[in-house]
Amino acid sequence: MSKKISIKVTEAQPLPCPYCNGFYGYQYSDLFRMSYTSVHNSDGTYSGGEYSDGVSLNKGKTAYCVNCGTRLPFTLIREGGEQIE
């Protein structure tokens, strides 16, 4: 029985993709809830709008190959203060 590998976000990809056999990097998705408010003038013309700040609903832990999109054989450890550049 093999032990499941987990890495922190920003660590190097530890295993190749099982489909394309490459080390092209990994990607993941986070689920957010946000809203968009539209503003219209009294004559009905669109005047602008803005998005809300958003609330994180779920941080993804599944990594996918950047090259082909296949699920990679390791999981991500997500910590509260990680920086996204």
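This is a predicted model: local features need pLDDT of at least 70, side-chain atom pairs count only at pLDDT 80 or more; totals for chains, interfaces and linings use all residues.

Student: How do Tyr 26 and Phe 74 sit against each other, and how far is it centre to centre?

Tutor: Edge-to-face: the ring centres of Tyr 26 and Phe 74 are 5.8 Å apart, with 85° between the planes. Tyr 26 belongs to strand E2 and Phe 74 to strand E8, so this pair ties together parts that are 48 residues apart in sequence.

Student: Is Phe 74 buried or exposed?

Tutor: Buried, with a relative accessible area of 1%. Tyr 26 counts as buried too, because its relative accessibility is 18% and the cut-off is under 20%.

Student: Which residues make up the largest nonpolar core?

Tutor: There are 9 of them: Ile 7, Val 9, Cys 17, Tyr 26, Ala 63, Cys 65, Leu 72, Phe 74 and Leu 76.

Student: OK, new topic. In what order do the strands of the open sheet come?

Tutor: E1-E8-E7-E2, 4 strands with mixed pairing. E1 (5-8) and E2 (26-27) are at the edges with a single partner strand each, so one side of each has no neighbour in the sheet.

Student: Which way do E1 and E8 run, parallel or antiparallel?

Tutor: Parallel, joined by 4 bridges. For example, Ser 6 has Thr 75 of E8 as its bridge partner.

Student: And E7 with E8, parallel or antiparallel?

Tutor: Antiparallel: E7 (residues 62-65) and E8 (residues 71-77) are joined by 2 bridges. Tyr 64 is partnered with Arg 71 in E8, and Thr 62 with Thr 75 in E8. Thr 75 is also the partner of Ser 6.

Student: How many residues are between the strands in the hairpin of E7 and E8?

Tutor: There are 5, and in that hairpin Gly 69 takes a positive phi near 85°.

Student: Switching to charges: how many salt bridges does a search of the whole structure find?

Tutor: It finds 1. The side chains of Arg 78 and Asp 30 meet there, at 2.8 Å from N to O.

Student: Which label does Arg 78 get, buried or exposed?

Tutor: Arg 78 counts as buried, at 13% relative accessibility. Asp 30 is partly exposed, with a relative accessible area of 26%.

Student: Let's zoom out. How many helices and strands does the chain have?

Tutor: It has 0 helices and 8 strands.

Student: What radius of gyration does the chain have, and what would a compact globule of 85 residues have?

Tutor: The chain has 19 Å, whereas a compact globule of 85 residues would be near 12 Å. Along its principal axes, the C-alpha trace spans about 65 × 25 × 25 Å.

Student: And what percentage of the residues in the chain is buried?

Tutor: Buried residues make up 16% of the 85. As for contacts, among those with a separation of 6 or more, 53% are between residues 24 or more positions apart.

Note on methods. Residues are numbered from 1 along each chain as its sequence is written. Side-chain values use heavy atoms; hydrogens and water are left out. Two strands pair if DSSP finds at least two bridges between them. A salt bridge is a side-chain nitrogen of Lys or Arg within 4 Å of a carboxyl oxygen of Asp or Glu. Buried means under 20% relative accessible area, exposed over 50%, partly exposed in between (1.4 Å probe, protein chains only). Rings of Phe, Tyr and Trp (its six-membered ring) pair if their centres lie within 6.5 Å; planes under 30 degrees apart count as stacked, over 60 as edge-to-face and the rest as tilted. A nonpolar core is a set of buried Ala, Val, Leu, Ile, Met, Phe, Trp, Tyr and Cys residues joined through side-chain atoms within 4.5 Å. The radius of gyration is taken over C-alpha atoms; the globule rule is 2.2 Å times the number of residues to the power 0.38. Contact means heavy atoms within 4.5 Å.
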